[in-house]
Amino acid sequence: MGRLLFLVLFVAVVALAVWWISREWSGNADRVAHNKAEVRRYLDRMGSELVSLDPDNGIALDALGEASDRMNTARTQLASATTLGQVRIARETARGGLYFIRKAREAMGLDPGPPIPR
């Protein structure tokens, strides 16, 4: 009887964990669309910074190159994202690009700009 109770509780805990993980990583279509729109705003911000900044030293040029790579990667990730987990990965990649934009601005002696979104 004790083993059966343990087995039932174990199966229930595993089922709850699987349900929670699938809910967090799949999400519904509205949440995915909302989060995709947020990442697109980050990418638009990054794109406008990349177009407007003219690097005057090697450090800034390298940082802008990294930001450009992150932007392209995030766009590719976002285009194929169908779950919240995939959108989160694209968001982190975009945040990395915004970090390099800030570093380039600092290397050029400019105000680093707005903080990186959370």
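**View 1. Leu4 sits out in the open on helix 1.** Leu4 counts as exposed because its relative accessibility is 52%; exposed here means over 50% relative accessible area, buried means under 20%, and partly exposed is in between (1.4 Å probe, protein chains only). You'll find Leu4 in helix 1, residues 2-26. Helices are DSSP runs of H or I with at least four residues, numbered from the N terminus. Keep in mind that this is a predicted model, where local features need pLDDT of at least 70 and side-chain atom pairs count only at pLDDT 80 or more, while totals for chains, interfaces and linings use all residues. Residues are numbered from 1 along each chain as its sequence is written, and side-chain values use heavy atoms, with hydrogens and water left out.

View 2. The patch covers about 970 Å² and is made by Met1, Leu4, Phe6, Leu7, Val8, Phe10, Val11, Val14 and Val18. The areas come from the Shrake-Rupley method with a 1.4 Å probe, and for residues only the protein chains shown count as cover.

**View 3. Now for the inside: the largest nonpolar core.** This core has 24 residues, and those with the most contacts inside it are Val39, Leu43, Met46, Leu50, Ala94 and Ile101. A nonpolar core means a set of buried Ala, Val, Leu, Ile, Met, Phe, Trp, Tyr and Cys residues joined through side-chain atoms within 4.5 Å. As a general point, nonpolar side chains tend to be buried together in soluble globular proteins.

**View 4. Zoom in on Ala94 in helix 4.** Ala94 counts as buried because its relative accessibility is 0%. Leaving out residues up to four places away in sequence, Ala94 touches Val39, Tyr42, Leu43, Met46 and Ala74; a contact means heavy atoms within 4.5 Å. Met71 is 23 residues from Ala94 along the chain, yet their C-alpha atoms are separated by 5.9 Å.

**View 5. Arg105 and Glu49 form a salt bridge between two helices.** Their closest N and O atoms are 3.1 Å apart. A salt bridge is a side-chain nitrogen of Lys or Arg within 4 Å of a carboxyl oxygen of Asp or Glu, and by this rule the count comes to four. Arg105 is in helix 4 and Glu49 in helix 2, 56 residues apart, so the pair links distant parts of the chain. Are these two buried or exposed? Arg105 is buried, with a relative accessible area of 16%, and Glu49 counts as buried at 17%.

View 6. Arg95 and Glu92 meet in one of them, at 3.0 Å from N to O. Lys103 is partly exposed at 33%, and so is Glu106 at 38%.

**View 7. Two buried charged residues go without a salt bridge.** Lys36 is in helix 2, residues 29-52. Lys36 is buried, and its nearest side chain of opposite charge, Asp30, is 12 Å away. Lys and Arg count as positive, Asp and Glu as negative, and His and the chain ends are not counted. Apart from residues up to four places away in sequence, Lys36 touches Leu78, Ala81 and Val87. Glu38 is found in helix 2 as well; Glu38 is also buried with no salt bridge, and the nearest opposite charge, on Arg91, is 4.1 Å away. Beyond its neighbours within four places in sequence, Glu38 is in contact with Arg91 and Arg118.

**View 8. Last stop: Gln77 in helix 3.** Gln77 is partly exposed, with a relative accessible area of 22%. Not counting residues up to four places away in sequence, Gln77 touches Ile89, Ala90 and Thr93. Gln77 and Val87 are ten residues apart along the chain, and their C-alpha atoms are separated by 7.5 Å.

Key:
Patch = residues over 30% accessible without salt bridge, like charges linked within 9 Å, V, L, I, M, F, W, Y side chains within 5 Å.
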